[in-house]
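Hi everyone, thanks for making time this morning.

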Amino acid sequence: MAMLHRADARSARADVAPRQAETSRVRGPVRFLDDVLVRIALLVFVLWTLGPVVWMVVSSLLEQTALTSVPPDLSPSQFTLDNYRGVLATGGSLVPAFRNSLIVAFLTTGIALTLGSAAAYAIARLDVPGGDKLALMALATQMFPGIVIIIPLFIVLSRLGLIDTYAGLATVYLSFILPIVIWVLKGFFEAIPPDLEKAAAMDGASTWQTFTRIALPISLPPLFATGIFAFIESWNEFMFAIILTRVHTKTAPIAISEFAGQYQTQVGQMVAAATLASVPVILLAIVFRRYILMGFAEGAIKG
Amino acid sequence: MHRLGHGFTSNRFDRRSLLRRSAAAGAGLAAARYGPSVWTPGASAATNLSVLSPLAPDPAPPGVAEFAMDGFAAWKTANDAEVTYEAVAWPQLHDKMATNFASGTHVHDVYYMSGWVPEFAPFLTPLDDMLPQDLVDDLPPSSFSTVTWDGNRLGVVFTLSLLTLFYNTAHLEEAGLDGPPTTWDELKGYAQELTRDGRYGWVLNYGQADGIGGVASYWMVFLQQAGGTLYGDDGAPAFNDAPGLEALQFMVDMYTNGSTDPGSISYVGINDATNVLTAGNASMMMNWPFMWKPANDPATSKIVGQLGSAILPAGSAGAASIDGTDAWTIAATAADPELAMKLIEFYLDPVVQTRQVLDTGWLPIRLSVLEDPEVQEGAPNAAVVLEQAQHPYDSFVTPDYTEVTLAIGTEIQRALQGAKTPEEALQDASDQVAEIVAAREG
């Protein structure tokens, strides 16, 4: 019986092999064409994505006169580090601005992750009365354009003495970053198998302990991915920063904008400063790329 | 699982939890010790005067720009005053002060203004009774036109910033042209003659519709040169007439005959157009006096030593220009307006004004300083601007100046691009401005 089965299997394989060969002969050129098209599309996408970044770096290395020529003069003699020297020479404003951006971004990210993860877990897992409505209300805050609320915000922060402070800026940033963090993490927490939490409960874990010792540790990738998002959002923010800062808490985007005046714009120095400002974000992405990719991958398959 | 279970149920102070709690307590103490400086870095020593100013190289006061610093220190000592500057990139200034005023809270004592005095008039202190007569006597009378609203002088212009003609002397020489153009016909002819070898005779930033330095304000220059005005005596728009059409037709002709850099319609800031001239890719433009310094700086210019300046060519009614209106004002909420006025007087002190032009390139407003031979030698375009100031230079600023210039500028852009005839564009602009004026007058 067993021998018969093996013979049948061999016979079946013998039948299948020529069909596969025939199919692959037919599909070979099609698959090859598919591969080529996919690679071309990827190449175009990469060029499209990296193009502005490359141009930013190239611009930062060009003399102002070469940069403002039409077309730009890209001859080797025009390349220089003077823009970076100029930017660093004005470090009196740029360096503190970078420090301020780091402080505000870390402050915002830390609070957003702390509050956001707890809120998301509560909405996802606990029987919070009106939890879904609360989540929708948090999302509804995203519908208000920032410009609409900027004067009321200015008045409130002014009366609280929070203009030109890290706390003021971080509070405002949290108002639009926290809802996103809650919604993103809520999806991840909802996808955690309930059996894990049940097992923890059987071991005597409280809700807080389940959250801190079960849910959070296995959610590190999405936490990192969300944290990077929160960091970038607050690092890049411009509109609120220009209104709510004055002297002491000017952030990097404000310092970069200061190279543009009414009658003169130091284009080379501006892009040099922008290049420097992108370094922390790129470094973060490189250092935590494993977690970010895992976070994205999990986000792709989870609810 | 056992480890988890142990951890979950343990409430004892083991060594690890003790360390953890100690660290938390330490962090709390550190936050209490260093917290205020991290959370409120703006909490600094009390200041007497707060000033909102543009950043250098835009027109900035001593302390923001590096000039007259010794005098500034001496002034602060003599007046027992501290001055805190909030220096902002020029493009953000208007929105910043609009938010400050709209909030109803006191933010700054002294504000820089550029054509926005009528818009913010309710928030400013009238200076009529505070201005020293000897200062007023030393200023061009017309310099007060853009800072006066409802009969009140609300500011003092501190730099004579009028549009004049700038041209590349080497290009003119190469083309065999003798001296700068003095009339519209000459300007048109020069521009066509200079359009050669991949460069253009004329360049300007027509991409920005509104504001001083937008295409509407450039048309106002030609409008006055043609003998027109923006508003009649009754305050209604009065530009849809022969001079208005003549001015717009001249701009359209210059643009469509190929002698204007076609990129002009997309150049938004004056910087964009200036860069074309200083790169040697255009031969003439109208620009502000500040251009003189960067155009003669090898780091930013390829035409060092080739820049000429002259008053703007005359139209059928003569020469005219507009005013950049860089002025100092005092907020209505200022706690000590007298001290604020003293600071403005210091900014307008002859010695400070001299250093202003020689060290930063921004011309003084005081006639005595403008006429000073040392100043005229250090700023060769000063005499030209002074001559330009002998002719009309009304910028027609109103509280709704931005809306008005946006309406007019958009229609001019349509005419330049051939989407409308000059007649249609002017009619439509006039209709829109009539509505804006009607809304203003309630």
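How many helices and strands does the secondary structure of chain B come to? It comes to 18 helices and 11 strands. Before going further, please keep in mind that this is a predicted model.

Let's stay with chain B for a moment. Of its 442 residues, 48% are buried. Looking at the contacts in chain B with a separation of 6 or more, 73% are between residues 24 or more positions apart.

Now to the domains. The assignment for chain B gives domain 1, made of 49-160 + 324-388, and domain 2, made of 164-322 + 400-440. The C-alpha centres of these two domains of chain B lie 27 Å apart. Where they meet, 15 residues of domain 1 of chain B are in contact with 13 residues of domain 2 of chain B. On the domain 1 side, helix 16 of chain B, residues 382-388, gives the most, with four residues. That side of domain 1 divides into six nonpolar, seven polar and two charged residues.

Next, the interior. A general point for context: in soluble globular proteins, nonpolar side chains tend to be buried together. Here, the largest nonpolar core has 133 residues, and those with the most contacts inside it are Val117(B), Trp219(B), Met251(B), Met285(B) and Ile412(B). Helix 8 of chain B, residues 215-225, gives the most to this core, with eight residues. Both domains of chain B take part, with at least three residues drawn from each.

Now for helix 18 of chain B, residues 422-440. At 1.5 Å a residue, its 19 residues should span 27 Å, and the end C-alpha atoms are 26 Å apart, which agrees. Which residues of helix 18 of chain B are buried? They are Pro422(B), Ala425(B), Leu426(B), Ala429(B), Ser430(B) and Val433(B). These cover an arc of only 130° around the axis, so they sit on the same side of helix 18 of chain B. Just after helix 18 of chain B, Gly442(B) takes a positive phi of about 70°.

Let's finish with how the chains meet. The contact takes 40 residues from chain B and 33 residues from chain A. On the chain B side, the elements that each supply at least two residues include helix 1 (2-9), helix 2 (15-39) and strand 2 (83-88). Helix 4 of chain B gives the most to that side, with seven residues. By class, the side of chain B that touches chain A has 20 nonpolar, 16 polar and four charged residues.

And chain A? What is chain A divided into? Chain A has domain 1 (2-60) and domain 2 (83-301). Their contact takes four residues from domain 1 of chain A and six residues from domain 2 of chain A. The domain 1 side has two nonpolar, two polar and no charged residues.

Methods: Residues numbered from 1 in each chain as written. Chains lettered and ligands numbered in written order. Predicted model: local features only at pLDDT ≥ 70, side-chain atom pairs only at ≥ 80, totals over all residues. Contact = placed C-beta atoms within 7 Å. Nonpolar A, V, L, I, M, F, W, Y, C, P; charged D, E, K, R; others polar. Expected span 1.5 Å × (residues − 1). Buried ≥ 20, exposed ≤ 12 C-beta atoms within 10 Å, placed from the backbone. Arc of directions from axis to C-beta. Domains from an automatic or database assignment. Core = buried A, V, L, I, M, F, W, Y, C linked by C-beta atoms within 7 Å.
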